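Hello,

Here is the structure I promised to pass on.

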Amino acid sequence: TFTADDVMIRDVPPTPVAIMEHRGNPATIGATVQRFIAWRKAAGLHPRTSPTFNVWRSERRPASPADYSMDLCVGTDQPIEANGERIKAGEIPGGRCAVLRVVGANNNMEPAALFLYRDWLPASGEEVRDFPIYCRRYLTFSPDAPVHDAVAELFLPLK
């Protein structure tokens, strides 16, 4: 359960990223995630030093699973070497964002996203800008930490 007090407005800097796109059936996202993790490790981009993001470019459950679209990103200003993967350089733009911190198991960010769009946004008087909602994964990263201690932030870009 989230409240308006859980949302912060923050100016975020632009973040250069390496992007692996997932397009198509969300049931196959696990394979894309595994390829992304392997690529990130090979590139030396550890989550402790290189932030990991998910950028959702479609609804979670589009009418056709083939229309599902999400980018897996890792923050880096290094030159991008694909090493056999389909990786491209990009940027998460800077600007004002509504930020909602999510603590605990956060494989399903839909409740937090729905709160931001359906509850917080209409009451806030704010307007979204032309970039999709995105998440910075696992701000507290420890393979030994319990799932209920995991922390992520959901960003809703604002005008």
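Let me start with a charged pair: the side chains of Glu110 and Arg61 meet in a salt bridge, at 3.2 Å from N to O. Glu110 belongs to helix α2 (residues 110-124) and Arg61 to the loop between β3 (52-56) and β4 (69-75), so this contact ties together parts that are 49 residues apart in sequence. Do keep in mind that this is a predicted model. Arg61 counts as exposed at 57% relative accessibility, while Glu110 is partly exposed at 25%.

A second pair is Glu126 and Arg96, whose closest N and O atoms are 2.9 Å apart in a salt bridge. Here the loop between α2 and β7 is tied to strand β6, parts that are 30 residues apart in sequence. Both residues are partly exposed, Glu126 at 24% and Arg96 at 26%. There is also a network, in which salt bridges that share partners join Glu21, Arg23, Arg57, Asp71 and Lys88.

The whole structure has eleven salt bridges. One of them, between Glu153 and Arg10, has an N to O distance of 3.0 Å. It links strand β8 with strand β1 (residues 7-12), and the two residues are 143 apart in the chain. Glu153 is buried, with a relative accessible area of 4%, whereas Arg10 is partly exposed at 27%.

Strand β8 (residues 151-157) is worth a look too: seven of its seven residues are buried. It runs antiparallel to β6 (residues 95-103), with seven bridges, and Val103 stands opposite Val151. Strand β7 (residues 134-137) also runs antiparallel to β8, through three bridges, and Cys135 has Leu154 as its bridge partner.

Best wishes

Terms used
Residues are numbered from 1 along each chain as its sequence is written. This is a predicted model: local features need pLDDT of at least 70, side-chain atom pairs count only at pLDDT 80 or more; totals for chains, interfaces and linings use all residues. Side-chain values use heavy atoms; hydrogens and water are left out. Buried means under 20% relative accessible area, exposed over 50%, partly exposed in between (1.4 Å probe, protein chains only). Helices (H or I, at least four residues) and strands (E, at least two) are DSSP runs, numbered from the N terminus. Two strands pair if DSSP finds at least two bridges between them. A salt bridge is a side-chain nitrogen of Lys or Arg within 4 Å of a carboxyl oxygen of Asp or Glu.
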